[in-house]
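Visitor: Could you show me the model and take my questions about it one at a time?

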Amino acid sequence: MKVSRIPVFLILFISILTNAQEQKFLKQVQLSFLPEQVSVNRLGGIYLFGSESLIQFDADGKITEIREGFQKSKPVIFEAWNPLRIWLYDGSSSKFHVKLLDHFFEDVLPPLAIDSALAIEPIAIIPGNDNHTAWVLDLDYSLKFIELLNNKILAESEPIFERDSKLPELQFRAHQGFLFVLVKGKEILVINKTGKIIKKIKAPEATWIGVLGEDIYYHRPGKLTFTDIYTGDSYDVSVSSSAEFVLATDERIFEIENLKLRISAFKPKQQ
């Protein structure tokens, strides 16, 4: 009987193709302003904030909501993962209040209030994994994990940065029971529910972090790097080297560059 032999290099080549992350360009949308803040929701839509406007596109690049003359100040925290409870914190009008919007971009009243007795002066208020918790980065650089219904501190950390140091540029994401803090251009701090830093992920040149399933990903020029929260396994996806923002969902990659929103089909790697 004749035995068919397949060269080893061909087997390896087929394996590489099988595991490759497929991207297929779908559409490009012209933008009227360069976003200052961006976010995606768990349904696959993308939100852009800038020039006192807020706009939402669906996964196919169709405008679904828009609100102009919204607010002048850039939010410190802009989180739309829950499309029914869009979270904006800028601390300009009151450092203890968070503006909430519904999926029509209408204000949810009254604004979310943090008891002033729980913090000195919040630098950032970050939504937790559900509607009932929030993280507060306080003036002394400590973190407080707060239960919102009863305004109760569930956990409090020591300062995560030197108290006398200048605060670096940060971005925050709560996901899978952790708080991820991107120190832009340096590293990602992984913080558990007790407020303890349990891991530091090196992220040189990183400008943005996002979450997807059990992955956290960060954007650096020309790459999205995905890391499994639990195993530490990582992989890269190539993107435009000059994009200002790059965000991923379980079906799309959104790239924002030179007043253009580029949308590509995307299938994340199964770890």
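Visitor: How much accessible surface does the protein chain have, and what share of it belongs to carbon and sulfur atoms?

Guide: This is a predicted model, in which local features need pLDDT of at least 70 and side-chain atom pairs count only at pLDDT 80 or more, while totals for chains, interfaces and linings use all residues. Residues are numbered from 1 along each chain as its sequence is written, and side-chain values use heavy atoms, with hydrogens and water left out. Accessible areas come from the Shrake-Rupley method with a 1.4 Å probe, and for residues only the protein chains shown count as cover. The accessible surface of the protein chain is about 14,200 Å², and the share of carbon and sulfur atoms is 52%.

Visitor: What percentage of the residues count as buried?

Guide: Buried means under 20% relative accessible area, exposed over 50%, and partly exposed in between (1.4 Å probe, protein chains only). Of the 271 residues in the protein chain, the buried part is 48%.

Visitor: How far apart do the centres of the positive and negative side chains lie?

Guide: Lys and Arg count as positive and Asp and Glu as negative, leaving out His and the chain ends. Each charge is placed at NZ of Lys, CZ of Arg, CG of Asp or CD of Glu. With 31 positive and 35 negative side chains, the two centres are separated by 6 Å.

Visitor: Let's look at some residues. Is S264 buried or exposed?

Guide: S264 sits in strand β24. Contact means heavy atoms within 4.5 Å, and beyond four places in sequence S264 touches K24, F25, L26, E251, R252, I253 and E255. Its relative accessibility is 3%, so S264 counts as buried.

Visitor: Which residue's side chain makes a polar contact with the side chain of N82?

Guide: N82 belongs to the loop between β6 (77–79) and β7 (86–89), and it is buried because its relative accessible area is 15%. A polar contact is a pair of N or O atoms within 3.5 Å; within protein, one must be able to donate a hydrogen and the other to accept it, and residues adjacent in sequence count only if both atoms are side-chain atoms. At 3.4 Å, the partner of the N82 side chain is that of N131.

Visitor: Where does L259, with its positive phi, lie?

Guide: L259 is not a glycine, yet its phi is about 60 degrees. With a relative accessible area of 33%, L259 is partly exposed. Its place is the loop between β23 (252–257) and β24 (260–266).

Visitor: And what is the relative accessibility of S51?

Guide: S51 is in the loop between β3 (46–50) and β4 (53–57). Its phi is positive, near 50 degrees, in a residue other than glycine. S51 counts as partly exposed because its relative accessibility is 49%.

Visitor: One last stop: which residue joins P110 through a cis peptide bond?

Guide: P110 is found in the loop between β8 (97–101) and β9 (112–113). Omega of the cis bond is about -5 degrees, and the residue joined to P110 is L109.

Definitions and conventions. Helix = DSSP H or I, 4+ residues; strand = E, 2+ residues; numbered from the N terminus.
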